[in-house]
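Here is a short walk through a predicted model. Keep the sequence and the 3D view side by side as you read.

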Amino acid sequence: MRVLAELAYSWMLFEENETLFLAVLCGGSAMFMLEFALNAAETGAYRQLGMAAIQALANQVQQDSAPFQARHLSYFGRSEAVQQAQAEWRRQAG
């Protein structure tokens with residue numbers, strides 16, 4: 001697991017074994033993370049358009065998270081691999 005990119009206080013993009021995962025900060029006064037694996041179309045858009053596709057997807061999730069709720073990976077942010085990837089990302093950025 002590794003972090004590919006981040007927009008602080010908005011989203012973080014991860015990759016593991018060629019699977020992409022997006023963690024998006026959602027909500028207003030009650031903030032929550034919605035974390036999910038990108039589907040084939042979303043992955044294709046990222047491969048073709050880069051970060052613009054991820055930003056557009058994150059915006060879509062933040063505007064209406066309901067269509068993405070069924071894809072939410074509730075364990076994702078608590079996994080040791082994700083926590084290590086985030087720590088390494090912060091060390092490199094720091």
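R2 is partly exposed, with a relative accessible area of 48%. R2 forms a salt bridge with E15, and their closest N and O atoms are 2.8 Å apart. This pair links distant parts of the chain. R2 sits in strand β1 (residues 2–7), E15 in strand β2, and 13 residues separate them.

The whole structure has 5 salt bridges. Another one brings together the side chains of E6 and R90, at 2.8 Å from N to O. E6 lies in strand β1 and R90 in helix α3 (residues 80–93), so this pair ties together parts that are 84 residues apart in sequence. E6 is partly exposed at 28% relative accessibility. R90 is partly exposed too, at 43%.

Helix α3 also holds a local pair. R91 forms a salt bridge with E88, with the closest N and O atoms 3.0 Å apart. R91 and E88 are 3 residues apart in the helix, so about one helical turn separates them. R91 is exposed, at 58%, while E88 is partly exposed, at 34%.

Now turn to helix α2. Which residues of α2 are buried? They are A53, I54, L57, A58 and V61. Seen down the helix axis, they fall within an arc of 130 degrees, so they line one face of α2. On the other side, A52 and Q63 are exposed. The cover over the buried residues includes β2 (11–16), β3 (19–26), β4 (32–37) and α1 (40–49).

Next comes the interior. Nonpolar side chains tend to be buried together in soluble globular proteins. Here the largest nonpolar core has 16 residues. W11, L22, V24, F36 and V61 have the most contacts inside it. β2, β3, β4 and α2 each give two or more residues to this core. V61 touches V24, C26, L34, F36 and F68, leaving aside residues up to four places away in sequence. A second, separate core has 9 residues, including V3, F14, F21 and A23.

Last, look at the loop between β2 and β3, where N17 lies. E18 is in that loop too. Phi is positive in both, near 50 degrees for N17 and near 70 degrees for E18. N17 is exposed at 73% relative accessibility, and E18 is exposed at 67%.

Technical notes:
Residues numbered from 1 in each chain as written. Predicted model: local features only at pLDDT ≥ 70, side-chain atom pairs only at ≥ 80, totals over all residues. Heavy atoms only, no water. Buried < 20%, exposed > 50% of the residue type's maximum accessible area, 1.4 Å probe, protein only. Helix = DSSP H or I, 4+ residues; strand = E, 2+ residues; numbered from the N terminus. Arc of directions from axis to C-beta. Contact = heavy atoms within 4.5 Å. Core = buried A, V, L, I, M, F, W, Y, C linked by side-chain atoms within 4.5 Å. Salt bridge = Lys/Arg side-chain N within 4 Å of Asp/Glu carboxyl O.
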